[in-house]
Amino acid sequence: MVGMRGAYGGGGGYSNGNESQPLGGAAGAAGPMTTETSTEIVGMEVHKVAPPPPRSTLSKMKARVKETFFPDDPFRGFKGQPLGTQWLMAVKYLFPILDWVPGYSFSLFKSDLIAGLTIASLAIPQGISYAKLASLPPIIGLYSSFVPPMVYAVLGSSRDLAVGPVSIASLVMGSMLRDAVSPSGEPLLFLQLAFTSTFFAGLVQASLGILRLGFIIDFLSKATLVGFMAGAAIIVSLQQLKALLGIVHFTTQMGIVPVMASVFHHTKEWSWQTILMGVCFLVFLLAARHVSLRWPKLFWVSACAPLASVIISTLLVFLFKAQNHGISIIGQLKCGLNRPSWDKLLFDSTYLGLTMKTGLITGILSLTVREGIAVGRTFASLKDYQVDGNKEMMAIGLMNVVGSCTSCYVTTGAFSRSAVNHNAGCKTAMSNVVMALTVMVTLLFLMPLFVYTPNVVLGAIIIAAVIGLIDLPAVYQIWKMDKMDFLVCVCAFAGVIFISVQEGLAIAVGLSVFRVLMQITRPKMMIQGKIKGTDIYRDLYQYKEAQRVPGILILAIEAPINFANSNYLNERIKRWIEEENSMQNKQTELHFVILDLSAVPAIDTSGIAFLTDIKKTIEKRGLELVLVNPTGEVMEKIQRANEAQNQFRSDCLYLTTEEAVASLSALAKMTKP
């Protein structure tokens, strides 16, 4: 069969009456043919594979950069506008508050006032609790619920996002910094490292937004995030056993084994008074959460429950002097607003690597793990308005940079508070301002009221908040849909609870990268057959009614062809050819291999080299390779390869599999003796 095409070389035509018509594929063969064969070819129109219109390298690079970094084309509204209007639109893009403040009304303010007060009732106890989770003074949690929301109200584009500290970022920051510095032994240094890490977190987040690199935060798969969040929620809850049981000497490690070992090695420190109070308030908080989930209109029940718990428990401790009976309390908190902390940012080389790594991890986590951008987009879709993810990253990043200079640690859009904000009927980002002003009043006048607040209630608040991160329905859905994804989910979960949060996160990222690399280096290929009575060709494994075409092996590739997978594709095609030749009860000897490139969006030089090599290999076996429907970029690369080596003539290219099969079948009949 090698050289068979030469007998019917492309570029010829066939005679139909008195008129000669050119063909764009192998059917355009010149030479003798039987009447039967001629009728089959004449009855079908064979289309040429057209190369894409020529474009300059600069225009192609411009289009690629635009699609990579500006897929949403955020400046499309600027086109055709006067220069002054464009400047005004640019200012509004940078400061979205200017877009909605001119049309703000009292009716909108009433809705935002109710929403702001509601989320403040949740933000105050959560801020204190999460600061303790990060091993920071409780006052820092309130500071972080004052300045950042004010900054976000000016720069943020989401109407529903409620800003403040979050559990996962607090846990990770605290655990990473504790590995280097003891928060009790060197509290000032620990605080400096926390502020510096927050500064770097803000830089990372703002840089991702400014450089339009928001797609990086989508790199973690849902399976890894579900597993990581569930593991982190369990670790956070186990860490609160110190407060719930009244243990004084507790491990600083994060794994489930050392935590449980510490719990049972210090049974003598357990306090029944603390346990009783902790269990009662935890049941109350979980019951309130259940009520709000069961009846969404009663969202305010779970929103107000943490603050109610703080007030009630504080009164109980004050009235019964419970601090003298084994129940630990927060103690004195200073009144006053955020103190400047730019002088506390520490860029010493000894700790620079630690703070940069902590900032990088907590910054990205704040944007991905059910917080930040995802929250804003979720509620924006419910209210049918747009949120620019890159713009949001800029706002959150600048918010954290400012926060690091005003005694705040890393903050982002919190899921629980944003849900309450949405359900409370917020209309604009003014609800964040109301919340911040409420926190300001608390900082100025109400701090003495928290002196007797028991730590056990703060632990119960944290457990009730993070338990929502354990998404069992999502785990079950992953199990039903994809067992490999379920394995990834389980590995991320196990890494967090059995090793540590940092290593668990590294495992989750590693598994995500490995999964993507496997999909790239081992792309999907299939053998196709014809569905009887149609001109449709589909996967033989998926469609049982599809039938092989005698003498022709039809293969389809569903991935870009590049340096990472070209060797695999080469070996896989060779193995299929060998299997095809060794099959018993074959009707016809194998003559042709059709490679369907319809689902190949891109190809590089290694991919072109692969096509050239596989063509030579197939021809050495006495077979012939035909390509079907190469896409624009692929066809352009093939055309350039032809200019150098002329490997893929027009008679090797077809627009559809049906046209290729019909033409090749006709050629096979013509060569029969």
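R621 counts as partly exposed, at 36% relative accessibility, where partly exposed lies between buried, under 20% relative accessible area, and exposed, over 50%, using a 1.4 Å probe and protein chains only. Accessible areas here come from the Shrake-Rupley method with a 1.4 Å probe, and for residues only the protein chains shown count as cover. The partner of R621 is E578, with the closest N and O atoms of this salt bridge 3.6 Å apart; by salt bridge I mean a side-chain nitrogen of Lys or Arg within 4 Å of a carboxyl oxygen of Asp or Glu. This pair links distant parts of the chain, since E578 is in helix α25 and R621 in the loop between α26 (605-620) and β10 (624-628), 43 residues apart. E578, at 44% relative accessibility, is likewise partly exposed.

Let me state the basis of all this. What you see is a predicted model, in which local features need pLDDT of at least 70 and side-chain atom pairs count only at pLDDT 80 or more, while totals for chains, interfaces and linings use all residues. Residues are numbered from 1 along each chain as its sequence is written, and side-chain values use heavy atoms, with hydrogens and water left out. The pLDDT is the predictor's confidence in each residue, from 0 to 100; its mean for the protein is 83, and 88% of the residues reach 70 or more. Over residues 1-42, however, pLDDT stays under 50, although the model has 74 contacts there beyond four places in sequence, a contact meaning heavy atoms within 4.5 Å. Helices (H or I, at least four residues) and strands (E, at least two) are DSSP runs, numbered from the N terminus.

How many salt bridges does a search of the whole structure find? It finds 9. E580 is buried, with a relative accessible area of 9%, whereas R548 is partly exposed at 38%.

A further salt bridge joins the side chains of E636 and R640 at 3.1 Å, N to O. These two are 4 residues apart in helix α27 (residues 632-645), so about one helical turn separates them. In general, an α-helix has 3.6 residues a turn, so residues three or four places apart point the same way.

Turning to helix α13 (residues 256-265), which of its residues are buried? They are P258, V259, S262 and V263. Seen down the axis of α13, these buried residues fall within an arc of 140°, so they line one face of the helix, the arc being that of the directions from the helix axis to the C-beta atoms. Their cover includes α11 (222-239) and α12 (241-245), while V257, F264 and H265 are exposed on the other side of α13.

Finally, the surface: I311, I312, L315, L316, F318, L319 and F320 make a nonpolar patch of about 690 Å². Patches are made of residues with over 30% relative accessible area and no salt bridge, like charges being joined within 9 Å and nonpolar side chains (Val, Leu, Ile, Met, Phe, Trp, Tyr) within 5 Å. L315 is in helix α15 (residues 299-320) and is partly exposed, with a relative accessible area of 47%.
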